[in-house]
Amino acid sequence: MKIIKEAEGGGGAVLGPGDLELIGALARRPLGPEEVYTFSVRLCDNEIDRDFERFAPQTLEELAPMFVGKSGIFDHQWSARGQAARIYKTEVIWEPGRVTRAGAPYCWLKGCAYMMRTGSSRDLIAEIEGGIKKEVSVGCSVARSVCSICGADRTVCDCGHEKGQEYGGQLCYATLEGAGDAYEFSFVAVPAQPMAGVVKSARRDGGQDLERLEEEAALGRKYLESLRSEVVRLALLADRELSGKTVKSLVDKLSPGELEELRGSYARRAGKRFPLRTQLSYQAENAASREENRAFLA
Ligand SMILES: [Zn+2]
């Protein structure tokens, strides 16, 4: 079962002992501290999320090594310039004193990522430092989705319990178990959260939420717009035989969930055609991004 989650992004991180060796192994050449920029990302945690799902701490432990070496893709503006980050180290962090909605001790999977410092990455680094790139969308696959009420594996059978409902005062949620694989993560410039926020706020009563609701709806529309144009771009990049007009009219009919799935899939395909060029010189990177831009215009 494929899982895609939004999480909080991160901020700058200081290079620890051994970090340069780990990064050098991924970059396939030794790198100096002045050549790389490192930052941390909150990939996923064991809190019950808005889909009433949570990762088991054991699943986070299993995912930890799977995320090492995975790349993070930025939005259109940056990925078109060949900018990408890569996770070189992961760790499950326990936060003493903090408990989840299910009453369990809270833990999260931290990823440390690096980017090459080049002339063209300076502005992007400033955006990460400034907290603009705060949200990440993370994809992985798990084997089981276990019902909190009856323990049934929901990927195999429908136990009839509805996530988010209470049964005898007990909240129904699913615990994701058995990590299969971790995929690339992407940075979302406009938070994806408001999309869910719209649905959740709409269910609440009371006028004081109206202003927030409108704000969130506006953010949601902005996000949807940028998501649509991103999918169109990636689709044209992945398949040069498609016409822009056809793709646009198709994309307009898709739901946000379908769009996010397509974006992930196309981004991976585009990533295969235009793989990470972290070890190339600035000049070569420029040529490569011209190539990618050409693909977009074609
Ligand atoms: Zn059940």
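Colleague: Where does Phe-52 lie?

Modeller: This is a predicted model, in which local features need pLDDT of at least 70, side-chain atom pairs count only at pLDDT 80 or more, and totals for chains, interfaces and linings use all residues. Residues are numbered from 1 along each chain as its sequence is written. Helices (H or I, at least four residues) and strands (E, at least two) are DSSP runs, numbered from the N terminus. Phe-52 lies in the loop between strand 2 and strand 3 (53–55).

Colleague: What is the phi of Phe-52?

Modeller: Most residues other than glycine have a negative phi. The phi of Phe-52, however, is positive, near 55 degrees, and Arg-28, also not a glycine, has a positive phi of about 60 degrees. Arg-28 is found in the loop between helix 1 (19–27) and strand 2 (36–45).

Colleague: Why does Arg-233 count as buried?

Modeller: A residue is buried if 20 or more other C-beta atoms, placed from the backbone, lie within 10 Å of its own, exposed if 12 or fewer, and partly exposed in between. Arg-233, found in helix 6 (residues 210–238), counts as buried because it has 21 C-beta neighbours inside 10 Å, whereas Arg-28 is exposed, with 8 other C-beta atoms within 10 Å.

Colleague: How many bridges join strand 5 to strand 6?

Modeller: Two strands pair if DSSP finds at least two bridges between them. Strand 5 and strand 6 (residues 105–116) run antiparallel and are joined by 9 bridges, with Ile-93 opposite Trp-108 in strand 6.
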